[in-house]
Amino acid sequence: MRTLAKLFFAAAAFAAVACSSPYTDAPIRSLEVWPDQDGVHINAHGGGILYYDNTFYWFGEHKGERSNNALVGVTCYSSKDLVNWTNEGVALSVEEDPASEITRGSIMERPKVIYNKATGKFVMWFHLELRGQGYNAARSGIAISDNVTGPYKYLGSTRGNPGIYPVNMTQQEIDEMNALNREDYPQSWTPEWVEAVKKGLLFKQDFQAGQMSRDQTLYVDDDGKAYHIYSAEDNLTLNIAELTDDYTAHSGRYARIIPAGHNEAPAIFKKDGVYWMITSGCTGWDPNAARMFSATDIFGPWTQHPNPCTGEDADLTYHGQSTFILPVPGKKDAFIFMADNWRPRNPIDGRYIWLPILFKDDGTPYLEFLPEWNIKDQWK
Ligand code: DGJ
């Protein structure tokens, strides 16, 4: 009798959990128009998702019809099931003051938001370029809010860890780097130049002002420490920088990784104690082949693996560029690879590619293009 009762309660508990799952068999169709609650295509490009209070919040770049510049700001959409999205409006608005760093016409790309449990604040980092300066400023903007959907208050911008050496450079490597001179390498992309970049030729020039910070993402580790991962050194080298406890600044601990690897669009997840990072090459708005790296320590060393994409258009990341990897709450070993299909001639029409991350028998992640799939059936 007791066993029967136990079985009954176990079955009831299972049924309750199964019923409470927000995921349905509603299809995720990459590269198509994704209407929000008003039937308007979602305008949240280069985005990332924060799961907070049983709700998904998708933050991204608002794009216009002709311009990739920030004319509106960072948008926010919410969803319970990752398929039906409600436009929550502008989370961080451009400012009208022409002296503001985030004035209308600046560039605000790849925003990511994380929640700081200790301060109760939502913290946004994004790639910031100052108006009229192309991509030369190469800065990170930081904004915070008490409410997940905003409005976010702009705190200011920074470059990467000015005047601080990375944790993964020995004194001997620092001395070798300091002995490098730009004039000795007048031509880019020669084998000698690549070798010098690996050793820190470009790092050296930005050491005092801080490292460039363009394509970027945020990652909160299991211990609550947060990291900012960004393309530095003219997109030649990635930096992984630990954030301060309140997540609003770099702590001073960071690593230069994959030097001279020329990576953009970093997206990261962790499974079974291994960090996996998917990036792109650097071809502007045009797609290229994704790259994949793994490490057991976030500061490295990072090992390169083959392109995770398989099948048709694998060498073009299915016409997309990575932006974020979302662990699916309530599902074991379930991660969604999120990418942008950019349409620079009509940026507002940019599409999204979301695919389940698949795993080989040896645990290596890979991707297949599924034109249509759903979360409920993908991960039982
Ligand atoms: C590629 C980057 O990944 C995008 O975020 C954007 O900065 C474009 N380059 C601009 O050309």
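Is Cys76 buried or exposed? Good morning, and thank you for coming. Cys76 is buried, as its relative accessible area is 0%. Before I continue, please keep in mind that the structure above is a predicted model.

Let me stay with the cysteines. Cys309 is buried as well, with a relative accessibility of 6%. Where is the cysteine sulfur closest to that of Cys309? That sulfur belongs to Cys282 and lies 16 Å away, which is too far for a bond. A disulfide requires two cysteine sulfur atoms within 2.5 Å. By this rule, the number of disulfides is zero.

I now turn to the sheets. As a reminder, strands of a sheet pair through backbone hydrogen bonds, and the pairing may be parallel or antiparallel.

Another open sheet has three strands, in the order 17-22-21, and its pairing is mixed. Strand 17, residues 309-310, and strand 21, residues 358-359, are the edge strands, and each of them pairs on one side only. Strand 21 is joined by two bridges to strand 22, which covers residues 365-368, and this pair runs antiparallel. Leu358 has Tyr366 of strand 22 as its bridge partner.

Finally, let us consider strand 18, residues 321-327. Why may we call strand 18 largely enclosed by the rest of the structure? The reason is that six of its seven residues are buried. Here, buried means a relative accessible area under 20%. Strand 18 runs antiparallel to strand 19, residues 335-341, and six bridges join the two. Among the residues in these bridges is Gln321, whose partner in strand 19 is Asp340.

To close, I return to the opening topic. Cys76 and Cys309 are both buried, and the count of disulfides is zero. Thank you for your attention.

Note on methods
Residues are numbered from 1 along each chain as its sequence is written. This is a predicted model: local features need pLDDT of at least 70, side-chain atom pairs count only at pLDDT 80 or more; totals for chains, interfaces and linings use all residues. Side-chain values use heavy atoms; hydrogens and water are left out. Buried means under 20% relative accessible area, exposed over 50%, partly exposed in between (1.4 Å probe, protein chains only). Two strands pair if DSSP finds at least two bridges between them. Helices (H or I, at least four residues) and strands (E, at least two) are DSSP runs, numbered from the N terminus.
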